Amino acid sequence: MRFNRSALMAGAFAALMVGATTAMAAPASAAANTTPQKVCGSAYKTVNSAPVGSLGTVYLTYNSSNGKNCVTTIRNSPGTAVDMAAWVYVSDTGLGDDDYGRYTSYAGPTYVYGKGHCVDWGGQIKNVYTQVSGSNCGAFKEQRVTFTR
């Protein structure tokens with residue numbers, strides 16, 4: 001999917017501030033031992049991750065053969081469907097992807113071309129949100145924010 005910066009940031013901001021989600025059936029399975037590679041694809045290698053409180057982890061992965069990043073948020077304990085999200089955004093290009101819904105195990109995958117660019121990415125499980133900005137771009141220092149709403 002292609003997003004412009006204002007639309008993606010507005011959507012991410014709204015989800016962060018209001019906890020907005022869409023109520024739809026989860027395409028994700030509740031299989032235990034889900035990994036970022038099972039969600040994004042075996043060619044994607046984990047290049048960064050951040051805890052979503054004590055509920056799970058959001059993973060940033062990268063496929064060096066196609067230059068794409070993938071983000072997925074994975075719960076520590078799959079179970080009843082809860083509000084979850086995964087998003088990724090490249091400010092240099094204005095492109096991003098997101099997935100918001102009620103899921104039993106994981107949100108995502110979300111993909112964006114990111115070769116040679118900094119990426120902003122994050123995830124949500126229930127009312128806990130994690131956002132990483134300016135990530136994986138060489139000498140710059142990324143910024144991480146985790147909060148509970």
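N63 touches A43, Y44 and K68, leaving aside residues up to four places away in sequence; contact here means heavy atoms within 4.5 Å. N63 sits in strand β2, residues 56-63. This is a predicted model, where local features need pLDDT of at least 70, side-chain atom pairs count only at pLDDT 80 or more, and totals for chains, interfaces and linings use all residues. Residues are numbered from 1 along each chain as its sequence is written, and side-chain values use heavy atoms, with hydrogens and water left out. Strands (E, at least two residues) and helices (H or I, at least four) are DSSP runs, numbered from the N terminus.

**More on N63**

- Is N63 buried or exposed? N63 is buried, with a relative accessible area of 6%. Buried means under 20% relative accessible area, exposed means over 50%, and partly exposed is in between, using a 1.4 Å probe and protein chains only.
- The C-alpha atoms of N63 and Y44 are separated by 4.5 Å, though these residues are 19 apart along the chain.
- The side chain of N63 also makes a polar contact with the side chain of S65, at 2.6 Å. A polar contact is a pair of N or O atoms within 3.5 Å; within protein, one must be able to donate a hydrogen and the other to accept it, and residues adjacent in sequence count only if both atoms are side-chain atoms.

**The open sheet**

- Five strands make an open sheet in the order β5-β4-β7-β8-β9, with antiparallel pairing. Two strands pair if DSSP finds at least two bridges between them.
- β5 (95-103) and β9 stand at the edges with a single partner strand each, so one side of each has no neighbour in the sheet.
- From one strand to the next, the twist averages 5°. Axes for such angles are lines fitted to C-alpha atoms, for helices over the stretch in contact, and the angles run from 0 to 180 degrees between N-to-C directions.
- Strand β4 (residues 82-90) and β7 pair in the antiparallel sense over 6 bridges. A85 has Q124 as its bridge partner in β7.

**Aromatic pairs**

- How many aromatic pairs are there? The count comes to 3. Rings of Phe, Tyr and Trp (its six-membered ring) pair if their centres lie within 6.5 Å; planes under 30 degrees apart count as stacked, over 60 as edge-to-face and the rest as tilted.
- W87 and Y100 are stacked, because their ring centres are 6.0 Å apart and their planes sit at 15°. W87 is in strand β4 and Y100 in strand β5, so this pair links parts of the chain 13 residues apart. Both W87 and Y100 are buried.
- Y129 and F147 are stacked too, at 5.2 Å centre to centre with 20° between the planes. Y129 lies in strand β8 and F147 in strand β9, so the pair ties together parts that are 18 residues apart in sequence.
- Y129 is buried at 2% relative accessibility, whereas F147 is partly exposed at 28%.

- A cis peptide bond joins G108 and P109, with omega about 10°. P109 belongs to strand β6, residues 106-113.
- K126 isn't a glycine, but its phi is positive, near 55°. You'll find K126 in the loop between β7 (119-125) and β8 (128-135), and K126 is partly exposed, with a relative accessible area of 43%.
- N136 is another residue other than glycine with a positive phi, near 55°. N136 lies in the loop between β8 and β9 (143-148) and is partly exposed, at 37% relative accessibility.
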